[in-house]
Amino acid sequence: MSRIAVIVPCHNDGALAREAVASIVEDEDVEVVVVDDGSTDPATQAELASLERDGVRVVRRENGGLGAARNSGLEATRAPLVYPLDADDLLEPGALGAMADRLEQEPDADFTWGDYVVFGEYDGRYRSPDRFLPWTLTYVNPYPVSSMFRRSALSRAGGWEGRAYEDWDLWLKLVRMGASGVRTDRVVYRRRLHGRGRLLGQARRRHGELYGQIVERNRDVLARRRQLRASERPAAWKRVVYPLLFGPRNIVPPPIEMLMQRTMLKRGGGLPG
């Protein structure tokens with residue numbers, strides 16, 4: 001049995017899904033499943049049928065969003081380590097093996113994350129946090145969607161939930177479980193930026209509603225902020241700034257927010273711990 005499963009959700013992104021699958025280049029067998037999340041585009045349906053003829057497993061379901069699609073992929077695979085890869089992103093060669101090796105070196109760790117580079121609308125590198133930051137996660141999510149998880153941890157957490165902020169919700173569920181993780185010190189994948197400015201604008205307009213859903217599902221975790229802060233020991237500036245900038249208010253003006261993001265990516269600075 002393969003030690004790694006890759007789940008590629010696809011909704012009307014057939015050509016990109018083929019690129020994502022082709023980017024999985026490893027020195028070991030990898031269990032790959034593409035989840036057709038209710039695609040209606042004929043070109044996508046044709047592309048997925050072509051992938052099937054090439055031997056790629058495709059699972060079809062009614063449209064339910066990224067979280068539901070990843071959960072369908074989780075049910076359809078068996079490997080003990082699971083990596084979600086969005087259809088419009090690309091893996092770096094050898095990244096999966098490096099992350100799996102990292103988890104083998106740290107048997108008590110439930111997940112591992114790495115850096116990513118962005119391409120498309122602009123270029124840059126995101127440097128992820130050096131350690132797991134539970135208190136920070138109660139305000140903002142600094143971790144890549146495409147991280148590697150032990151299947152056992154995902155099962156205990158109940159997988160992904162919701163149609164938006166589903167990755168952030170998963171991290172908070174892992175905080176609730178007392179799960180732990182380690183960083184893999186390398187670029188793991190390439191994140192494609194195309195039309196995400198528009199999506200970011202939509203998310204900003206709905207942030208209060210979406211954040212409210214996060215709060216509703218994770219009230220017990222947010223109620224432990226003082227305890228989590230004592231454990232994380234964030235820098236003094238973070239203790240002051242994060243409650244102001246993030247959470248329900250999200251008051252950073254969009255032009256300043258975009259400037260911060262681009263500066264962070266160009267400098268490879270990530271979110272300081």
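Mentor: A salt bridge is counted here when a side-chain nitrogen of Lys or Arg lies within 4 Å of a carboxyl oxygen of Asp or Glu. By this rule the protein chain holds 24 salt bridges. The model is predicted, so local features need pLDDT of at least 70 and side-chain atom pairs count only at pLDDT 80 or more, while totals for chains, interfaces and linings use all residues. Residues are numbered from 1 along each chain as its sequence is written, and side-chain values use heavy atoms, with hydrogens and water left out.

One of these pairs is E28 with R3, at 2.8 Å from N to O. This pair links distant parts of the chain, 25 residues apart: E28 belongs to the loop between α1 (14-22) and β2 (31-37), and R3 to the segment before β1 (4-10). Helices (H or I, at least four residues) and strands (E, at least two) are DSSP runs, numbered from the N terminus. R3 also forms a salt bridge with D101 (2.9 Å, N to O). Here the partners are 98 residues apart, with D101 in helix α4 (residues 95-105).

A further salt bridge joins D36 and R60 at 3.9 Å, N to O. D36 sits in strand β2 and R60 in strand β3 (residues 57-61), 24 residues apart. D36 is buried, with a relative accessible area of 6%, whereas R60 is partly exposed at 45%; buried means under 20% relative accessible area, exposed over 50%, and partly exposed in between (1.4 Å probe, protein chains only).
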